[in-house]
Amino acid sequence: MTRTDPHDVPRPDARLHFGVFFQGVNHWTVWSHPESGSQIDPASFRRVAQTAERGLFDAFFLGDGLRLRETGGRIHELDVAGRPDSLAQLSALAAVTHRIGLVSTSNTTFNEPGDLARRLASLDLLSDGRAGWNVVTTDNAWTGANFRRGGFLDHADRYRRAEEFLTVARAIWDGWADGAVADSADARAWSVPGSVGRVRAAGAQFDVDLVPTLPRSRQGHPVIFQAGDSPEGRDFAARNADVIFSAHGQDFDDALAFAEDVRRRLRAAGRPQDALRILPGTEIVIGATEKEAEEKARWVRLEQVTPATALAVAGRVWNMDLSGRDPDGPLPAEDPVVVEDTGAFGSSRIADPRTVAAEWRAKAEANGWSLRETVIALGPQRGHVGTPSGLADTFTRFARHGAVDGFNISPYLIPDGLDDIVDLLVPELQERGVYRTSYTGTTLREHLGLRPPA
């Protein structure tokens, strides 16, 4: 039973927004198959961005990786690794794309607002108003060991620093008045006197005194993305973000509950409930028939969760090295080792490993699953599987009932994994009137239908 009457469509004119998430790290990308290309060659980034733009996507999205992931002090060699600096990579893509938004994940714990605001503004100007900033916080010593201060932030303080960081960044972006540059060669000064302001900000985290060096872009300043799923993260997004990512895009009722919760927080923050776009992450597997799609999805999961990866994933739950175990055998008989935070995978943690292990054991026993089959069945589930027509019907329902505003899609193959989506799914969505047939604006803010910043 669904939570909505299929005949009661609250948003009949809703349009889906698509972003593409070039993962660049982790085992969700099938990197060892012959069809897979390079994960770090600039040509791969260019190919994905240009395919997404051909498919009229809103944004190309890059993650952040300040340190290679490790397990037990050793590099985790099963992951794709090699994320470039996102602002450098996106600046290069700005030169070979024309409309698609370019979203950088940049950390507020290990950057300073005066520097990062200038670099983001530079991307926004270079791309003529297509920049976005995915604001992330990191509080672990594992990443902080890369930095001079050995830096890490108490968990409770990370959003306080992020909010103060964002306030300073916005002040810097707004430091130039509109029309600040003299519009005549005969003017006595290059800038209009009094049009460039000084930014002074003194708070618990920052003490800034600077004169901004760049004018506002065509879209005002970068679009703010946020991906936190905790209550603190959702509140932060409700107060500050233009777009929120989530993991709530697979099950309709779960997605709708998340969207309703976010809209409630928006109203509590004094913002219109349409001020924020909700774009959960997803993976899409397409087949000519439902059977073919299911078979392909099974192949994708087997390629993603190799025997070694299954042992590594289960090892995170049990917090022990399982590399000598049989992936086709049973789950470990031992109870998980519970520690406060191993820091083994950065921000990913198993909150309650004993409960997770008990659930896995019960379901493995009931279904006769091996360790690997258990990880495949019960590990994080991602995405949608089906024919182009069936997927278009599903996504149309999600959008028109307000469960999502779109999806941030992670291709399981790089660089050609978007082709089916652009060539087969997008036309089906366009036929249903739920997806654009051309870009109607030039900036990322216009693609997303967002109001200009104040």
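Is Phe 245 buried or exposed, and at what relative accessibility? Phe 245 counts as buried, at 9% relative accessibility, where buried means under 20% relative accessible area, exposed means over 50%, and partly exposed covers what lies in between (1.4 Å probe, protein chains only). The model is predicted, so that local features need pLDDT of at least 70 and side-chain atom pairs count only at pLDDT 80 or more, while totals for chains, interfaces and linings use all residues. Residues are numbered from 1 along each chain as its sequence is written, and side-chain values use heavy atoms, with hydrogens and water left out.

**Aromatic pairs**

A pair of aromatic rings is described by the distance of the centres and the angle of the planes. Rings of Phe, Tyr and Trp (its six-membered ring) pair if their centres lie within 6.5 Å, with planes under 30 degrees apart counted as stacked, over 60 as edge-to-face and the rest as tilted. By this rule there are 16 aromatic pairs. In one of them the ring centres of Phe 22 and Phe 60 are 6.2 Å apart and the planes stand at 50 degrees, so the pair is tilted. This pair links distant parts of the chain, since Phe 22 belongs to strand E1 (residues 17-22) and Phe 60 to strand E2 (residues 59-62), 38 residues apart; helices (H or I, at least four residues) and strands (E, at least two) are DSSP runs, numbered from the N terminus. Phe 22 is buried with a relative accessible area of 1%, and Phe 60 is buried at 0%.

Phe 225 and Phe 245 also form a tilted aromatic pair, with 5.5 Å from centre to centre and 55 degrees between the planes. Here too distant parts of the chain are linked, with Phe 225 in strand E9 (residues 223-226) and Phe 245 in strand E10 (residues 243-246), 20 residues apart. Phe 225 is buried, with a relative accessible area of 3%.

Arg 397 lies over the face of Phe 252, at 3.8 Å from the ring centre; a charge sits over a ring if NZ of Lys or CZ of Arg is within 6 Å of the ring centre and within 35 degrees of the ring normal.

Helix H1 (residues 42-54) has 13 residues, which at 1.5 Å a residue should span 18 Å, and its end C-alpha atoms are 18 Å apart, in agreement; the expected span is 1.5 Å times one less than the number of residues. The buried residues of H1 are Ser 44, Phe 45, Val 48, Ala 49, Thr 51, Ala 52 and Glu 53, and their cover includes E1, E2, helix H2 (86-94) and helix H13 (419-431), contact meaning heavy atoms within 4.5 Å. At the start of H1, a side-chain oxygen of Asp 41 reaches to within 2.8 Å of the backbone nitrogen of Ala 43.

Gln 304, in helix H8 (residues 290-304), is buried with a relative accessible area of 1%. A polar atom of its side chain lies 2.7 Å from the backbone oxygen of Trp 28, and a polar contact of 2.8 Å joins the side chains of Gln 304 and Glu 283. A polar contact is a pair of N or O atoms within 3.5 Å; within protein, one must be able to donate a hydrogen and the other to accept it, and residues adjacent in sequence count only if both atoms are side-chain atoms.

**Salt bridges**

A salt bridge is a side-chain nitrogen of Lys or Arg within 4 Å of a carboxyl oxygen of Asp or Glu, and by this rule the count is 27. The table gives examples.

| Salt bridge | Closest N and O atoms |
|---|---|
| Arg 216 and Asp 178 | 3.6 Å |
| Asp 235 and Arg 265 | 2.8 Å |

Arg 216 is partly exposed at 21% relative accessible area, whereas Asp 178 is exposed at 67%. Asp 235 is partly exposed at 29%, whereas Arg 265 is buried at 14%. Asp 235 and Arg 265 are linked with Asp 229, Arg 234, Asp 261 and Arg 264 in a network of salt bridges.
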